[in-house]
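Subject: Handover of a structure and notes on its side-chain contacts

Dear colleague,

Please find below the structure that I am handing over to you.

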Amino acid sequence: MVDALGEIHRVLAPGGTLVDARPDSRVPAYAERRGPRGFQRFGVVKTSRLEVANDRAADRAMARVVREGLFKRRRGSRFWHLVPFSSLAELRRYLSEHLRFVHRAKWVVDRATRKRYSNDPFVIRRGVRYELLEARHSTKASPDAL
């Protein structure tokens, strides 16, 4: 990823903006029922170990290019992304095939409650981290420019 970030830096104009947006494995995702008055949490969905390791490697790559002075951090935050499903069965099918998440949610409601609302719309609410970075260029001529 460091090589890709270096290439992005090369093609961005000085002061150009890189938007880094990635799923945030630092916070769990939630399986929620969409009800008439909002969302009801039904379960917690963890990120798979492989994806947690990939996220940490990406974090280290971003920290490296900032430390090396290629980019300057401007601002960042988190927002919640909703992945909609028409039913609980569709949500479970998604989890069984998805590589980012573990294949089963840890349910926080009992089986009878899940069965009662199984045909209602559901969502997975997951965190997405974003950061705005400014490309920094030195005033010295780089060896590549000569």
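The notes that follow describe salt bridges, aromatic pairs and the surroundings of one glutamate. Please bear in mind throughout that this is a predicted model.

Salt bridges

The count of salt bridges comes to 15. One of them joins Arg22 and Asp59, whose closest N and O atoms are 2.9 Å apart. Arg22 belongs to strand β1 (residues 17–23) and Asp59 to helix α2 (residues 49–67), so this pair ties together parts that are 37 residues apart in sequence. Arg22 is buried, because its relative accessibility of 14% falls under the 20% limit.

A second salt bridge is formed by the side chains of Arg33 and Asp120, at 2.8 Å from N to O. Since Arg33 lies in strand β2 and Asp120 in the loop between α4 (111–116) and β6 (122–135), the pair ties together parts that are 87 residues apart in sequence. Are these two partners buried or exposed? Arg33 is buried, with a relative accessible area of 11%, whereas Asp120 counts as partly exposed at 22% relative accessibility.

Glu51 and Arg100 form a further salt bridge, with their closest N and O atoms 3.0 Å apart. This pair links distant parts of the chain: Glu51 is in helix α2, Arg100 is in the loop between α3 (88–97) and β5 (106–107), and 49 residues separate them. Glu51 is buried, with a relative accessible area of 18%, and Arg100 also counts as buried, at 10% relative accessibility.

Some salt bridges share partners, and in this way Asp20, Arg22, Asp24, Arg26, Asp59, Arg78 and Arg129 are joined into one network. The pair of Arg22 and Asp59 described above is among the salt bridges.

Aromatic rings

The count of aromatic pairs comes to 5. Among them is the tilted pair of Tyr30 and Trp80, which stand 6.2 Å apart from centre to centre, with 40 degrees between the planes. Tyr30 lies in strand β2 and Trp80 in strand β4 (residues 71–85), so the pair ties together parts that are 50 residues apart in sequence. Tyr30 counts as buried at 16% relative accessibility, while Trp80 counts as partly exposed at 37%.

Phe85 and Tyr94 form another tilted pair, at 5.0 Å centre to centre and with 55 degrees between the planes. Phe85 is buried, with a relative accessible area of 6%, and Tyr94 is partly exposed, with 22%.

The surroundings of Glu32

Glu32 is placed in strand β2 (residues 29–35) and is buried, with a relative accessible area of 4%. What joins the side chains of Glu32 and Arg125? The two are joined by a polar contact of 2.7 Å. Neighbours within four places in sequence aside, Glu32 is in contact with Phe39, Gln40, Arg41, Phe42, Pro121, Phe122, Val123 and Arg125.

With kind regards

Conventions: Residues are numbered from 1 along each chain as its sequence is written. This is a predicted model: local features need pLDDT of at least 70, side-chain atom pairs count only at pLDDT 80 or more; totals for chains, interfaces and linings use all residues. Side-chain values use heavy atoms; hydrogens and water are left out. Helices (H or I, at least four residues) and strands (E, at least two) are DSSP runs, numbered from the N terminus. Buried means under 20% relative accessible area, exposed over 50%, partly exposed in between (1.4 Å probe, protein chains only). A polar contact is a pair of N or O atoms within 3.5 Å; within protein, one must be able to donate a hydrogen and the other to accept it, and residues adjacent in sequence count only if both atoms are side-chain atoms. Contact means heavy atoms within 4.5 Å. A salt bridge is a side-chain nitrogen of Lys or Arg within 4 Å of a carboxyl oxygen of Asp or Glu. Rings of Phe, Tyr and Trp (its six-membered ring) pair if their centres lie within 6.5 Å; planes under 30 degrees apart count as stacked, over 60 as edge-to-face and the rest as tilted.
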